[in-house]
Amino acid sequence: MSELGDFRPRDRAWHPAASTPAYRSTTFHSPRHPLLTLPQSIGELSGPVFGDSAFDPLDNDLIRNYATTGEAIGERITVHGTVQDENARPVPGALIEIWQANAGGKYRHVNDKYMAVLDPNFGGCGRVLSDAQGRYSFRTIRPGPYPFPNDGCGWRPSHIHLSIFGHAFVQRLVTQFYFEGDPLIGQCVIANTVTDPAALASLIAKLDMSAMQAFDSLAYRFDIVLRGRDATYFETQGL
Amino acid sequence: MALKETPSQTAGPFVHIGTLPALAGLKTGAAPQLNVLAHDSTLGERIRIEGAIHDGAGVLVKDAMIEIWQANANGQYGSNDFKGWGRAATDFETGLFVFETIKPGRTLFHDGRKQAPHISVSIFARGINIHLQTRLYFSDEAEANTADPILQLIREPDRVATLIARKEPKAGLPLYRFDIHLQGDRETVFFDF
């Protein structure tokens, strides 16, 4: 038994199922056998550390980190929040990788064939480490919605992709967040792979006027929760 | 439990922008080769791993991102000489992914038994709502594989075989082939932990 408690099992009903037929790409990408549950050993409880990676000061400023002739075009926003575990403890040093479409809904990717145009000053790639209190923030432009092939034409609501590393391999998470009030969320087959309304609500960033920068940018708050350890074992050690 | 984990969403077809930006076509500085894990001071046997991801219709998945996590040659994770983490994409044309790393040592299972040398593998792609987690074992470690507590959990030999990278008879760096099947007759064993 490990000295600290193991991480609680992932609540698979809270996450999307592997097969969600309305999102057509899952049809042939979803395993049919049940997942095999493993006990957590050192390989699952440890994880890569990214705090030593070289960060550029502009890594978390997508308005400027790809700019050559001017700043990125679009609605200027700050996105900020906390990274916590399920025990509401901050997760410092979490690596968050960010990618998104531009204000017109076009990705800077060789495989994106959407007719909308690229912004020469926007790459759509960023990253940030959470601080000692588990807080993170980045600046960007609000991405536009875009169409994608899915049983005809589906439309994605505005969203930003996040890839997150906590401290343990079991905490690895890739997700997307949406923007409060966007009417496309309810129609999106990908957002709605999350079926629990409370779970879907937790993927929607809230307008946060307290963090707006006057005459510069609006702000949205998105809090991230990674898996936490079962506290029972080590809490009894303190008695 | 005070909080619920943030739900997963698919990494989508453009995962490369945030994770392997040069592949997406972004202008970047000297980008690190994330699929090369070993450097000059790393101890251990250099190996190359190649494979592809097959979907349930037999089509290669050419827009996936794969991450690996492994111990060093002594069976330790996160040592100074070897980070043990790597990332690759399946090639947009050929569907192949490649890693250059070292063969890991044996690590301990939670109950103290020895595990066979293995690499943890995570798969992120369009149509995968929450990343798939599997393990890569080595065909030339038959004795250790037979005693491995995880492989022993799998009753059907055909399913155990989905986790074993096959050593290819080829000159040069030892080459292991590891094909991942998301669905179908040869569906890979995927784990929850």
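Which residue of chain A forms a salt bridge with B:E5? The partner is A:R10, and the closest N and O atoms of the two are 2.7 Å apart. Bear in mind that this is a predicted model.

That pair belongs to the interface of chain A and chain B, where 6 salt bridges are found. Polar contacts across the interface come to 40 residue pairs, with both residues at pLDDT 80 or more.

Now the chain A side. The most comes from β9(A), which gives 5 residues. By residue class, this side of chain A has 38 nonpolar, 26 polar and 14 charged residues.

On to the extent of the contact. Chain A puts in 78 residues, and chain B puts in 65 residues. Interface size is often quoted as the accessible area lost when the parts come together. Here, chain A and chain B bury about 6500 Å² between them. Of that area, 59% is on carbon and sulfur atoms.

Last, strand pairing between the chains. β1(A) is joined by 2 bridges to strand β10 of chain B, residues 191-192, and these strands run parallel. Within β10(B), B:F191 is the bridge partner of A:L36.

To recap: there are 6 salt bridges across the interface, about 6500 Å² buried between chain A and chain B, and a parallel pairing of β1(A) with β10 of chain B.

Methods. Residues numbered from 1 in each chain as written. Chains lettered and ligands numbered in written order. Predicted model: local features only at pLDDT ≥ 70, side-chain atom pairs only at ≥ 80, totals over all residues. Heavy atoms only, no water. Contact = heavy atoms within 4.5 Å. Buried area = accessible area lost by both parts, 1.4 Å probe. Salt bridge = Lys/Arg side-chain N within 4 Å of Asp/Glu carboxyl O. Polar contact = N/O pair within 3.5 Å; in protein donor to acceptor, adjacent residues only side chain to side chain. Helix = DSSP H or I, 4+ residues; strand = E, 2+ residues; numbered from the N terminus. Nonpolar A, V, L, I, M, F, W, Y, C, P; charged D, E, K, R; others polar. Pairing = 2+ DSSP bridges.
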